[in-house]
Amino acid sequence: MSEPATLQAMVIVGAGEAGARAALTLREQGWTGPVTLIGDEAGLPYERPPLSKAVMVAEADPTAAPFILDETRLLDAEITHLAGCTVVSIDRARHCVTLGDGREVSYGKLLLATGATARQLALPGASPEDVLYLRKFSNALKMRSRLRPGARLVVIGGGFIGLEITASAVERKCSVTLVEMAPRLLMRGVPAPIAELVAKRHEAAGVDLRLGAGIDRIERNGAEHTVVLADGSRIVCDGIIAGVGAIPETTLARDAGLAIENGVRTDNRLRTSDPDIFAAGDCCSFPHPLYNDRLIRLEAWRNAQDQGALAARNMLGADLAYDTVPWFWSDQYDQTLQIAGLPDEGRTSVNRDLGDGAQLYFHLADDGRLMGASGVGPISKVAKNIRLAEMLIQRRSKPDAAALADASVGLKSLLKN
Amino acid sequence: MSADNGWIEACDADEIEEEDVMRFDHGTQTYAIYRIDDEYYATDGLCTHEQVHLADGLVMDNIIECPKHNGRFDIRTGAAKGAPVCVNLKTYPVRVEDGKVLINIAG
């Protein structure tokens, strides 16, 4: 017991999914020393997935997103939650962080769960007053107020956020034009046939999809805006929403001299280049053991949760590798889209028709190993199968392609082989 | 479907495949009925984390997994098996008679 108690304190910067989960895990693992969770937003840590969906379509204005941790749990777990606090610097030599108000918080181990921020459009006329972005609950409330029945909206970006907001806006009876620069939806991480099914579902809902469409500028005329496309066509609307990607929040880490590479660079223990500092969640760039240590960064709820929990255990000395299969989902209309693994690691795809409009694709490497699986359709069809595919991926299975294509062969039976 | 001391008929026993789950709605309630090693179990139908039907999830090794957030519960006891779920599932007595699965929803 030579170290002073403050040096053994666990400090977490970022009170989103990864940070909150890490704080809870420290306690579940029996850690009895101080735990400080620092978040830049006022209020309790909340879940972000509902922001683009339930919060948008709720009958009345929600007063809050669902909490990850409420007052009672924070109190019971003796977690010191500093809400509405920014961290301005890390002093690695002195093992402390400095808050915006000048206070210092000492750490033994530090977790950076700083998340990501919405990428801003660099276009003439795209000021923050003209274009809305979604990241926080406050953004979601403001966006909600624009989704009035009959409102004409332009959504810029055919990624998950843009598509989920589009589906929510359609449910709120808005008329939506979606503009995507790439030739198809969901270019990043989603195989073409799945993206094609998603596009069809949006078109069936009346969405005007403009794919391969660059934007030249945004003009404002009183309460209206006009989005001017590169080909000169003009879309007049009552509101503009952009979902054009996220940028990992690495400022603190960079200023502290930590390694940065498309995020805060960690090893597979989620340790940064400083052994007393860890990273987890959207900000974390890590080598994945299942994919030949390819450096990846995931913007996904479950990854944030799992990495937060694993980082917490490693902060306590567990020395565990993070090798969880990447997994995420997106809900649009009556459909769910789920992806396990990394489809782009596959060289060939095998299709399994699940019926009821649900399709599954398996993505296989040259040696037959299952690298990823993607599915879209009713959740009752998609979820179980993707979960089983995830287990096959985790085991580095090389399932028979003919069996994968045959819907009468249960995936569970392949797992038990 | 008649109520008898809280016992109601949920489904035919062979409607549920081995190591699988089926949704059963009764009145305003929804339940999940499971078959594992030819034993039958019943729990509330919605995950305690968010309102998601557990019958859309995967049954494996006596565990039901929520199809959306991978919350996990022991089917036999309803016990929550860790984050993100921390509230246990309510379970119901089950018996099989004449090829029918009956669950007791009283109390």
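Me: Which residues have the most contacts inside the largest nonpolar core?
Reply: A general idea comes first: in soluble globular proteins, nonpolar side chains tend to be buried together. In this structure, which is a predicted model, the largest nonpolar core has 153 residues, and those with the most contacts inside it are Ala22(A), Leu111(A), Leu112(A), Ala280(A) and Ile33(B). Helix 9 of chain A, residues 379–394, gives the most to this core, with eight residues. As for Ile33(B), if one leaves aside its neighbours within four places in sequence, its contacts include Ala10(B), Cys11(B), Ile16(B), Phe24(B), Tyr40(B) and Val101(B).

Me: What domains does the assignment give for chain A?
Reply: The assignment gives domain 1 as 5–117 + 247–315, domain 2 as 120–242 and domain 3 as 334–415. Between domain 1 of chain A and domain 3 of chain A, the C-alpha centres lie 32 Å apart.

Me: How many residues does each chain bring to the contact of chain A with chain B, and which element of chain A gives the largest share?
Reply: Chain A brings 12 residues and chain B brings nine residues. On the side of chain A that touches chain B, the elements giving two or more residues are helix 1 (17–28), helix 8 (301–315) and helix 9, and the largest share, six residues, comes from helix 9 of chain A. Sorted by class, this side of chain A has six nonpolar, two polar and four charged residues.

Me: At what angle do the axes of helix 1 and helix 8 of chain A cross?
Reply: Two packed helices are described by the angle between their axes and the distance between the axes. Here the axes of helix 1 of chain A and helix 8 of chain A cross at roughly 35° and come within 7 Å, and the crossing is right-handed. Among the residues that make the contact are Ala18(A), Ala22(A) and Leu26(A) of helix 1 of chain A, together with Trp301(A), Ala304(A) and Gly308(A) of helix 8 of chain A. The residues of this helix contact divide into eight nonpolar, five polar and three charged.

Me: Where does Leu186(A) lie, and is Leu186(A) buried or exposed?
Reply: Most residues other than glycine have a negative phi, and most peptide bonds are trans. Leu186(A), although not a glycine, has a positive phi of about 50°, and Leu186(A) lies in the loop between strand 11 (175–180) and helix 6 (192–204) of chain A. Leu186(A) counts as buried because it has 24 C-beta neighbours inside 10 Å. Arg396(A), also not a glycine, has a positive phi of about 55° and is placed in the loop between helix 9 and helix 10 (401–405) of chain A, but Arg396(A) counts as exposed, because it has 11 C-beta neighbours inside 10 Å.

Me: Why does Thr226(A) count as partly exposed?
Reply: A residue is partly exposed when its count falls between the limits of 12 or fewer for exposed and 20 or more for buried, so Thr226(A), with 16 C-beta neighbours inside 10 Å, counts as partly exposed. Thr226(A) is found in strand 14 of chain A, residues 224–229, and, leaving aside neighbours within four places in sequence, Thr226(A) is in contact with Glu219(A), Asn221(A), Arg234(A), Ile235(A) and Val236(A).

How values were computed. Residues are numbered from 1 along each chain as its sequence is written. Chains are lettered from A and ligands numbered from 1 in the order in which they are written. This is a predicted model: local features need pLDDT of at least 70, side-chain atom pairs count only at pLDDT 80 or more; totals for chains, interfaces and linings use all residues. Domain bounds come from an automatic or database domain assignment. A nonpolar core is a set of buried Ala, Val, Leu, Ile, Met, Phe, Trp, Tyr and Cys residues joined through C-beta atoms within 7 Å. Helices (H or I, at least four residues) and strands (E, at least two) are DSSP runs, numbered from the N terminus. Two residues are in contact if their C-beta atoms, placed from the backbone, lie within 7 Å. Ala, Val, Leu, Ile, Met, Phe, Trp, Tyr, Cys and Pro count as nonpolar, Asp, Glu, Lys and Arg as charged, and the others, Gly among them, as polar. Axes are lines fitted to C-alpha atoms, for helices over the stretch in contact, and angles run from 0 to 180 degrees between N-to-C directions. A crossing is left-handed if the near helix is turned anticlockwise from the far one by less than a right angle, and right-handed if clockwise.
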